[in-house]
Amino acid sequence: MFNFRDFTSTGRPPLLVAHRGDQHGAPENTFAAFEQAAALGTAIIELDVQVSRDGVPVVIHDDTLDRTTSGTGPVRERTWLELRQFDAGAWYGEGFAGERVPSLAEVLDWASERPVGLLIELKTSPVFDSRSAEQLAAVLEGRPGGNIVLYSSDHVLMGQLSRSLPGIATGLVINERTPWQHRMLADAGAALLSQSVWVLTEEAVTEAHAHGVLVCSEARYPSDIDMLTAWGVDLIVSTRIPLADLAPALEETRQGI
Amino acid sequence: MNNMRPLQFPVPDRPLVSAHRGAGNIAPENTLAAFEAALVHGADMIELDVHPTRDGRLAVIHDVTTARTTGRDRRVQDMTVDEVRSLDAGSWFGPDHAGQKIPLLEEVLDWARGRVYLNLDVRNYPGLDFYSTGRTAEVLIKAAARTKTMDQVIVQCLDHRLAADLRRQCPQMLVGITLHGRPAREVEVARAAGAVLISGDAAFSTPELVAELHAAGIGWMTTAELRLPGQPEDPATLAGSTRRLRDLGADIIVTDDLDATFAALEGTP
């Protein structure tokens, strides 16, 4: 089983992360996309979490159902039972009809039986209020948690979660270039920095590493992978390059995990 | 000379209304046509985006490439100012706007002198081939000084080191920083950069945060929402968001619809 605590970046290639599962080969944020990412040899899968009307953390990117499901309107206005009814695969291709919006608990169960880690982004639109944060913590409590990182641009929320869930690693999205980067990370007890490739610098990577913080960024083009690798970035999310095109690199990055 | 009152935070009276990329709902964003339209529709401030060209000038455009607004898919940083100027940045919006150019920053500063405040969002990405906060600061300061617009400009920095460099080279220049999400310690982060303004998310705007910033002499700028996250679409959203941001003490409200924002501010809550 993958464990973030055992993972150090020094002297090894970065891990390539599947964005919303195998987003280019299956409907994003569904089990089809997660299975396919795992089959392609991805060590880490990135996914997005929001909370349903009745407090169930669910895996979906947009705050509305319209783009990726047969439903319409805001995710937050639907109960878990309602969300289960919608088709989350047919929009992508007929062969994927019948895919559902997974719950976070289901995906955690799935990942616990496989050699994959999960990068779980807590969406901030809508903002996770204190009730949603408690409901999320309830799903995570008592799990081993070594194979997941929770991260978000809501640093206050992440500080609260890192205190209430000491067994689970947390990360911050910091999408500005600030000399206060390390203090933000330290305040929130974060073990991971997620920073856009637009903003990231080699200096920021070095600074994070000096404090034992892993760095995650995204590759839009193959040249980004080369640049981020040279800077020592630990996790590279492939947002625009299909995972299938990265198969040799995936194999290489799995060595030594 | 310049007859505009220097910007001060917190702002007195009502919030300033800033036109996002000019009046981008009326004319092609980030062109002189959009800036003229913003003035006609009452904007107190115009938000515009600034990108360095290959030969070290500053062009007014939002995206890294000119694809979306001119149809020519090249990075601004790979083009000379003459190449940038040869493109048509108006036709994509509508035939009436054919021939609009990508403006140079100095041209906009000259046009704006004495008329409207400007918020210059500098797209000074570290990934640029010739990234240098010191040099970008120097070019910005020279442009504002030559056009005598120093008092009406506030430079908005995603790169907080650019803010610090601007203040070091020219203490008179006002700078703002951009913060995403809910970062905590906003006052200290702004002070370290020498910023008098923070641009942040509407979703994380609260009266408590704004009061804390105001006590430190720092202003809060955010964008009136066209749709609220987790809520259905509703034409009344922009007005409601505008009033909420005013009531919690925002200093600058950025908008994509000047008329709707002014109507919300003037109408009774």
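User: Which residues does A:Leu165 touch, not counting residues up to four places away in sequence?

Analyst: Contact means heavy atoms within 4.5 Å. By that rule A:Leu165 touches A:Ala137, A:Leu140, A:Glu141 and A:Leu150. This is a predicted model, where local features need pLDDT of at least 70, side-chain atom pairs count only at pLDDT 80 or more, and totals for chains, interfaces and linings use all residues. Residues are numbered from 1 along each chain as its sequence is written, chains are lettered from A and ligands numbered from 1 in the order in which they are written, and side-chain values use heavy atoms, with hydrogens and water left out.

User: Where is A:Leu165 placed, and is A:Leu165 buried or exposed?

Analyst: Helices (H or I, at least four residues) and strands (E, at least two) are DSSP runs, numbered from the N terminus. A:Leu165 sits in the loop between H5 and strand S6 (169-173) of chain A. Buried means under 20% relative accessible area, exposed over 50%, and partly exposed in between (1.4 Å probe, protein chains only). A:Leu165 has a relative accessible area of 5%, so it is buried.

User: Which side chain does B:Ser205 join in a polar contact?

Analyst: A polar contact is a pair of N or O atoms within 3.5 Å; within protein, one must be able to donate a hydrogen and the other to accept it, and residues adjacent in sequence count only if both atoms are side-chain atoms. The side chains of B:Ser205 and B:Trp220 are joined by one of 2.9 Å. B:Ser205 is in the loop between strand S7 (197-199) and helix H8 (207-215) of chain B, and is buried at a relative accessible area of 4%.

User: How many salt bridges cross the interface of chain A and chain B?

Analyst: A salt bridge is a side-chain nitrogen of Lys or Arg within 4 Å of a carboxyl oxygen of Asp or Glu. The rule finds four across the interface of chain A and chain B. One of them pairs B:Arg182 with A:Asp154 (2.8 Å, N to O).

User: What is the area buried between chain A and chain B?

Analyst: Buried area is the accessible area (1.4 Å probe) that two parts lose on being put together, summed over both. Between chain A and chain B this is about 2,400 Å², with carbon and sulfur atoms giving 60%. Chain A brings 28 residues to the contact and chain B brings 27 residues.
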